[in-house]
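Subject: Structure for your files

Dear colleague,

Here is the structure I said I would pass on. My notes on what was found in it follow below.

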Amino acid sequence: MIEIDTNFWINRVIVRRGYNNNTISWKEAFYNLNDSISKNESVSAVGYTRRFVIGKNIEDAIRKNVGYFVSYNAERISLVPDVLNDLGCLVAHLYIGIDVTNPGFGRHNDKEDVWFWQNKGISRWDFDNGDSYTLNEGDLIYVPKGVYHKVSTVEARFGISMSKR
C-alpha cells in the first residue's frame, strides 16, 4: 500500500509516472457509466455553463454539449478494487472527458485528499502555485484536500478519482 504522511506532505502534489499501466478499457468505462444510468444512480454531466445530474436521459445531456461525465460507482469496475486497496482508499469515481473544449469543473479544490489514476487519453493539471503536470495512461497524481487546481482534457480521456471517504 502507498503511504502518504499527510503531516509532512501537506499541500504537496505527488505524481507517480507509470503507477499502473494495466488500465481499464474504454468499453469498461462506458459500461460503468451506462450501468449507473440504467440503475438510475446519480451521474453528473458537466456542460459549458451548467452541471446536470441525470438519470436515464443521457441523450438530452449530450444534445446540450456536455462532453464530460462522472459516474459515482467506479469501484464496480474490475481493476479498481485492487487500486483502492493499494492506495488505502474506499471511494472511486469515474471521470470521462470526450470534448477537449469542455472546461469540466474548472478551478476548484476538493474537501478530501484525492488520488487520480489516468486510464486513457491525456489530461493537464494546473495548480495555483504555477505547477503543471500532464498525465498519461497509467500515471497517478495525489492532490491534498484544499489545493486549488484545474484539470483540462488534452485528448479524449478518462480516469478514476479515489479518496478515503
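This is a predicted model: local features need pLDDT of at least 70, side-chain atom pairs count only at pLDDT 80 or more; totals for chains, interfaces and linings use all residues.

Salt bridges

Side chains of opposite charge can pair when their charged atoms come close.

One of the bridges joins K39 to D35, with 3.3 Å from N to O. Which residues are linked with these two in a network of salt bridges? The network is made up of D35, K39, E41 and R76. K39 counts as partly exposed because its relative accessibility is 48%. D35, at 12% relative accessibility, counts as buried.

A second bridge is formed by the side chains of D128 and R107, at 2.6 Å from N to O. D128 sits in the loop between β6 and β7 (132-135) and R107 in the loop between β5 and β6, so this pair ties together parts that are 21 residues apart in sequence. With a relative accessible area of 48%, D128 is partly exposed. R107 counts as exposed, at 51% relative accessibility.

Since E112 lies in the loop between β5 and β6 and R165 in the segment after β9, the bridge ties together parts that are 53 residues apart in sequence. E112 is partly exposed, with a relative accessible area of 25%, while R165 is exposed, with 67%.

Overall fold

The protein has three helices and nine strands. Read from the N terminus on, its elements run β-α-β-β-α-β-α-β-β-β-β-β. Of the 165 residues in the protein, 45% are buried. Among contacts with a separation of 6 or more, 72% are between residues 24 or more positions apart.

Nonpolar cores

The largest nonpolar core has 26 residues. Which of them have the most contacts inside it? They are L87, W117, I160 and M162. The elements that give two or more residues to this core are α1, β2 (43-46), α3 (80-87), β5, β6, β8 (140-143) and β9. The largest share, four residues, comes from α3.

Not counting residues up to four places away in sequence, I160 touches I24, A74, I77, V80, A92, H93, L94, W115, F116, W117 and N119. Another core, of 13 residues, lies apart from the largest one. Its members include V70, L135, V143 and V147.

N32 has its place in helix α1 (residues 26-38). Is N32 buried or exposed? N32 counts as buried because its relative accessibility is 3%, the cut-off for buried being under 20%. Leaving aside neighbours within four places in sequence, N32 is in contact with S71, N73, A74, R76, I77 and L94. One of these contacts, R76, also belongs to the salt-bridge network with D35, K39 and E41. Two others, A74 and I77, are also touched by I160.

N40 is found in the loop between α1 and β2. The phi of N40 is near 60 degrees, a positive value in a residue other than glycine. N40 is exposed, with a relative accessible area of 52%.

The largest pocket

About 420 Å³ of space lies in the largest pocket. The elements that give two or more residues to its lining are β4 (68-71), β5 (91-97), β6 (114-127) and β9 (149-163). The largest share of the lining, six residues, comes from β9.

How many residues line the pocket, and which of them lie nearest its centre? The lining has 27 residues, and Y95, H108, D110, V114 and S161 lie nearest the centre. By type, the lining divides into 13 nonpolar, eight polar and six charged residues.

Regards

Methods
Residues are numbered from 1 along each chain as its sequence is written. Side-chain values use heavy atoms; hydrogens and water are left out. On a 1 Å grid over the protein atoms alone, a cavity is a set of points where a 1.4 Å probe fits but cannot get out, and a pocket is an open set with protein on both sides within 12 Å along at least five of seven lines; lining residues have an atom within 4 Å of a point. Grid points are joined across faces, edges and corners, and a volume is the space filled by probe spheres set on the points. Ala, Val, Leu, Ile, Met, Phe, Trp, Tyr, Cys and Pro count as nonpolar, Asp, Glu, Lys and Arg as charged, and the others, Gly among them, as polar. Buried means under 20% relative accessible area, exposed over 50%, partly exposed in between (1.4 Å probe, protein chains only). Contact means heavy atoms within 4.5 Å. A salt bridge is a side-chain nitrogen of Lys or Arg within 4 Å of a carboxyl oxygen of Asp or Glu. A nonpolar core is a set of buried Ala, Val, Leu, Ile, Met, Phe, Trp, Tyr and Cys residues joined through side-chain atoms within 4.5 Å.
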